[in-house]
Amino acid sequence: MGNARWSPQDWGINATKTATQSRAQIFTQSNIHPDLDPKNIKVRESVDSAANPNSTPIILACDETGSMGEMAELIIKKGLGVIMQEIYDRKPVPDPHICAMAFGDAFCDHAPLQVSQFEASIVLAEQMKHFYLEGNGGGNGGESYSLPWYFAAYKTHCDAIIKRGRKGYLFTIGDETPHDTLTKDQIKQIMGDDVEADLETHDLLSLISPHWEVFHLIVKPVHHQNFDRWTDLLGERAIRVSDHEKLAEVIVSTIQVIEGADVDDVTKSWSGDTSLVVASAVGALAKRQAHAGVHRL
């Protein structure tokens, strides 16, 4: 998908409309929408087109359990506009295609993963409005951050990766630590796939890392959680975001740094408090040419 291009005018209309709406008015689903249900999805495609001839796939996967529904609201009201416009203006990567995901807890949620198409236009915001913000989670010390990783590994087709050997970008966003395992029963129930054995989180990370630049953004962290687990897993790519209102700017800045921009230059390109939040978030990031790789739980 992603056959259209981003329009600031269309975004302006959407932003004006959603600005005064509550979360419940934007996200009206009371169950998972069939078009976003992974069991019904064979593949999500980021393919080149006349409008986007050099497509770059970007996955934004947001935890929707508990208070994290606020993040989905923030992204649809403000974040998408900032991310798309700043990528077009700053040009760290060409022709961004964004796939939005909402995920929860595979151990207890009814709809632990929902997945949009890859889109470059305001159609993405319309698809996101079909997300079911279940808001549960299990109070079991983690969430299923590995679900977006599994989907990226087995249910995406991206021209940037296949035709050009360029990595996509995958950001998970949440406030808890990851479960260690995605069971084969969960994969069957959620994805509709038959696999031979459970999959460990670190093995999924090893599987997708050759094709995706993988990051986790820690927002509004649950204080009793041990976030060293994220650092052990992702190193400097486990990024603490001190102000969730600046989430979009941190995402854009992360892409810039990985694509070779100087960290100080990127930080200084933002004004006021945004510059401070970005500096704190991306200051430790290594550039693509020198990054230290991934670590294991």
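Predicted model: local features only at pLDDT ≥ 70, side-chain atom pairs only at ≥ 80, totals over all residues.

**Exercise 1.** Work out whether the end-to-end distance of helix α3 agrees with its number of residues.

*Solution.* Start with the extent: α3 covers residues 69-90, which is 22 residues. The expected span is 1.5 Å times one less than the number of residues, so α3 should span 32 Å. In the model its end C-alpha atoms are 29 Å apart, which agrees. Now look along the helix: α3 bends by about 55 degrees at I75.

**Exercise 2.** Describe phi and accessibility for K91 and D95, in the loop between α3 and β3.

*Solution.* Begin with the background: most residues other than glycine have a negative phi. K91, which follows α3, has a positive phi near 60 degrees. D95 is not a glycine either, and its phi is positive at about 45 degrees. Next, take accessibility. Exposed means over 50% and buried under 20%. K91 has 63% relative accessibility, so K91 counts as exposed. D95 has a relative accessible area of 10%, so D95 is buried.

**Exercise 3.** Is S253 buried or exposed, and which residues does S253 touch beyond four places away in sequence?

*Solution.* Then list the contacts: leaving out residues up to four places away in sequence, S253 touches V266, W270, V278 and V282.

Methods. Residues numbered from 1 in each chain as written. Heavy atoms only, no water. Contact = heavy atoms within 4.5 Å. Helix = DSSP H or I, 4+ residues; strand = E, 2+ residues; numbered from the N terminus. Bend = angle between axes of the 7 residues up to and from the residue. Buried < 20%, exposed > 50% of the residue type's maximum accessible area, 1.4 Å probe, protein only.
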